[in-house]
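Thanks, everyone. Let me put the model on the screen and walk through it.

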Amino acid sequence: MRLLSAILVILITTFCSCSSSYSVVNSETYDDAGLESHKTFHIVDLKMGALPPHMDRLTYENIVSAIRGEMLERGYKESPGSPLLVNFAVTIHDETVLSPSGHEYDNGPYYSGTYPCYIYPKDHYWDDYFLDAGVIDDIYEEGVLTIDIINIKKKETLYTSSVASIMDSYGNYRDVTEIGKAVTKLFSDYPVRPLSQYSR
């Protein structure tokens, strides 16, 4: 009986540890990004766009808080006037193909009714060519969280990264702890490392 209980505990522990693992599905630093030269940042707010479908305000705030923490750990200061914008998207699937907020129906990439829905419309800083080129299939899995870091004044994308998945198998957003873990993974390849006091 004790052996059976021990095996059960091991299986449950293994299952729980695997259930909250996240993987980066895309990470790219663009030419001459100069991310280390920036000292400030700001995160997209809802005045710049709207929530992705099915996302509530609490989930949005949890994602923003986790992103803020990662940026602060890297020595950036938050400033609303900063040229460095952190935009984010969640890949959404719906039986009815909905246009991402701020987009016309025919703008932006779509794949079988699944698409990354950005808070601040991506076509405001990416040419149509880049919106349609180099599509990575994994980004079209539901629940993938993507960040774009942009020099908003120059409309230049400096960095992009995507992590799977901030939704569970039922299509519900994960809790604040799990979103924090996903965002930490999202920043794992970011070219500016955390300051020594935050090193993992």
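Salt bridges to begin with. The count comes to 5. This is a predicted model, so please hear every number as computed from it.

I will take three of those bridges. One of them pairs Arg57 with Glu61, with the closest N and O atoms 3.1 Å apart. Both residues sit in helix H2, 4 residues apart, about one turn of the helix. Why does that spacing matter? An α-helix has 3.6 residues a turn, so residues three or four places apart point the same way. Glu61 is partly exposed, at 34% relative accessibility.

Stay on helix H2. Arg68 forms a salt bridge with Glu78, and here the closest N and O atoms are 2.6 Å apart. Arg68 belongs to helix H2 and Glu78 to strand E3, residues 77–78, so this pair ties together parts that are 10 residues apart in sequence. How exposed are the two partners? Arg68 has a relative accessible area of 28%, which makes it partly exposed. Glu78 is partly exposed too, at 38%.

Next, Lys122 and Asp148. Their side chains meet in a salt bridge, 3.4 Å from N to O. Lys122 lies in the loop between strand E5 (114–118) and helix H3 (128–132), while Asp148 lies in strand E6, so the bridge ties together parts 26 residues apart in sequence. Buried or exposed? Both Lys122 and Asp148 are buried.

On to the aromatics. How many aromatic pairs does a search of the whole structure find? There are 6. Take Tyr120 and Tyr125: their ring centres are 6.1 Å apart and their planes are at 5°, so the pair is stacked. The cut-off for stacking is planes under 30 degrees apart. Tyr120 and Tyr125 are both buried.

There is also a cluster. Which residues do ring pairs link into it? They are Phe41, Tyr76, Tyr159, Phe187 and Tyr190.

Now helix H4, residues 176–186. Look at its start. A side-chain oxygen of Asp175 reaches to within 3.2 Å of the backbone nitrogen of Thr177.

Which residues of H4 are buried? Glu178, Ile179, Ala182, Val183 and Leu186 are. Viewed down the axis of H4, the buried residues fall within an arc of 135°, so they line one face of the helix. What covers them? The cover includes H2, E6 and E7. E6 came up as the strand of Asp148.

Ser188 counts as partly exposed, because its relative accessibility is 27%. A polar atom of the Ser188 side chain lies 2.7 Å from the backbone oxygen of Lys185. Beyond its neighbours within four places in sequence, what is Ser188 in contact with? The answer is Val24 and Arg193. Ser23 and Ser188 are 165 residues apart along the chain, and their C-alpha atoms are separated by 9.9 Å.

Last topic: backbone geometry. A reminder before the cases. Most residues other than glycine have a negative phi, and most peptide bonds are trans.

The peptide bond from Ala164 to Ser165 is cis, with omega near -10°. Where is Ser165? In the loop between strand E7 (156–164) and H4.

Case two is His54. Its phi is positive, about 75°, although His54 is not a glycine. His54 lies in the loop between strand E2 (40–43) and helix H2 (57–73). With 58% relative accessibility, His54 counts as exposed.

Lys155 lies in the loop between strand E6 (145–151) and E7. Buried or exposed? Lys155 is exposed, with a relative accessible area of 52%. The cut-off for exposed is over 50%.

The buried face of H4, with H2, E6 and E7 included in its cover. And the cis bond from Ala164 to Ser165. Over to you for comments.

Definitions and conventions:
Residues are numbered from 1 along each chain as its sequence is written. This is a predicted model: local features need pLDDT of at least 70, side-chain atom pairs count only at pLDDT 80 or more; totals for chains, interfaces and linings use all residues. Side-chain values use heavy atoms; hydrogens and water are left out. Helices (H or I, at least four residues) and strands (E, at least two) are DSSP runs, numbered from the N terminus. Buried means under 20% relative accessible area, exposed over 50%, partly exposed in between (1.4 Å probe, protein chains only). Contact means heavy atoms within 4.5 Å. A polar contact is a pair of N or O atoms within 3.5 Å; within protein, one must be able to donate a hydrogen and the other to accept it, and residues adjacent in sequence count only if both atoms are side-chain atoms. Rings of Phe, Tyr and Trp (its six-membered ring) pair if their centres lie within 6.5 Å; planes under 30 degrees apart count as stacked, over 60 as edge-to-face and the rest as tilted. A salt bridge is a side-chain nitrogen of Lys or Arg within 4 Å of a carboxyl oxygen of Asp or Glu. The arc is that of the directions from the helix axis to the C-beta atoms.
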